Amino acid sequence: MFSNVAYYHGDPIYSLFEEFVKDPRADKVSLSVGMYYDEDGNIPYMKAVQMAEHEISQDFGPRPYLSMEGMQAFRDASQALIFGDNHNNRAGDRVVTVQSVGATGAVRVGADFLKHNLDCKNVWISDFTWETHDDIFKASGYQVHRYPYYDARTGGVNFDALIDCLEKLPARSVVVLHACAHNPTGAELSNAQWDTLSTLMAKRGLIPFLDMAYQGFSKSLEDDAYALRSLLDAGASFLVANSFSKNFSLYGERVGNLSIVCPNAAQAKNVLGQLKAVARRTYSSPPTHGARIIEKVLTTPALRTTWEHELDSMRARIQSMRIGLYERLAAKVGHDNVAYLPVQSGMFSFTGLNSQQIKFLRDEKGIYLVGSGRICLAGLTTSNLDYVAESMALAMEPEFA
């Protein structure tokens, strides 16, 4: 019956991490998977999460199905966080939010919604982007195209080329954008560039689809959501998928949302109904526990303050590792070869290392990078920073160029 089923070679990032786990070397370093690790190399169990979970444990009871759109209190708190109280209040009933199975699930629900209700057939994603964007939209029946984004010369955004491309797209083209902490490049748009982009997309009738998986990991919770405020101010209708995996360190709970800003409340009501229909035929309803934790933290002032301080510390540690790696590499290989590091932000940086250099680091040094040359800076610690910098400097010697 299944003789024609093709072999699945696995996800390249997960497969690489499986190799890392099996590697017996004591000095191995994983810079591949996009998870935050603390100074001891562990995934943290955040204090705010611990306290919220303890409070919730005093009130355990039956676990009925959630509604198709998810937990109301959680969705309200999430919406206020990502849009900001002022913008959220102003948008009012024009914004609808459904709880999803992580941001990955939110992207799939949004892709299916647009395909079935607006007959969208073409999507543009950044060159480069998170590889699963490509897979999700293809699985939903889209033709996937690339728009210029990363400027290898500066390590930043090729904004002129980006604008030139979007100006030529037909109305109702879906454009996937990273709201902050761009994965994999670490190259971010400035607020002024977001304003230009928002005005253009609203004027051209494009459909912005924001992926915000790393709110709080670039500048701050508020600043990292500037793209949403900019699009609202421009009068655009748009979608945003957000995740709580990283900023709550709740990877396995798979908690996220899909929010859509509509032109008016009447349209929003119909949009919510169709999102529920997509959820029903995809996973029926979302899980409860992680959403309860996040809602408790976001709506309890003391827990909210604790969580924000912890998140600030996590962001500061990543930034210190970024600067530390830059200073060590610049001393060994020259500023020009690593000028991208201080320009980029968030958990990731795009090193530009080639396949031979990446293979050398993995085989000879036990340092694991994904094939694109992206590094996850959260995998660095003060105890492995010197080793990683020395190894990368060796990989950048002429014989590997």
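**Close-up 1. Helix H5 and the residue that follows it.** Helix H5 covers residues 102–117, and because its 16 residues should span 22 Å at 1.5 Å a residue, the 22 Å between its end C-alpha atoms agrees with expectation; the expected span is 1.5 Å times one less than the number of residues, and helices are DSSP runs of H or I with at least four residues, numbered from the N terminus. The model is predicted, with local features requiring pLDDT of at least 70 and side-chain atom pairs pLDDT 80 or more, whereas totals for chains, interfaces and linings use all residues. Residues are numbered from 1 along each chain as its sequence is written, and side-chain values use heavy atoms, without hydrogens or water. Among the buried residues of H5 are Val 107, Val 109, Asp 112, Phe 113 and Leu 114 (buried: under 20% relative accessible area, 1.4 Å probe, protein chains only). Just after H5, Asp 119 adopts a positive phi of about 55°.

**Close-up 2. The packing of helices H11 and H12.** Helix H11 (residues 289–299) packs against helix H12 (residues 301–333) at an angle of about 100°, their axes being 5 Å apart, and the two are therefore roughly perpendicular (65 to 115 degrees). Lys 296, Val 297, Leu 298 and Thr 299 of H11 meet Pro 301, Leu 303, Arg 304 and Trp 307 of H12, with contact meaning heavy atoms within 4.5 Å.

**Close-up 3. Asn 337 in its loop.** Asn 337 is situated in the loop between H12 and helix H13 (340–343), and because its relative accessibility is 44%, Asn 337 counts as partly exposed (between 20% and 50%). A polar atom of the Asn 337 side chain lies 2.6 Å from the backbone oxygen of Val 333.

Definitions and conventions. Axes are lines fitted to C-alpha atoms, for helices over the stretch in contact, and angles run from 0 to 180 degrees between N-to-C directions. Angles under 35 degrees count as roughly parallel, over 145 as roughly antiparallel, 65 to 115 as roughly perpendicular and the rest as oblique. A polar contact is a pair of N or O atoms within 3.5 Å; within protein, one must be able to donate a hydrogen and the other to accept it, and residues adjacent in sequence count only if both atoms are side-chain atoms.
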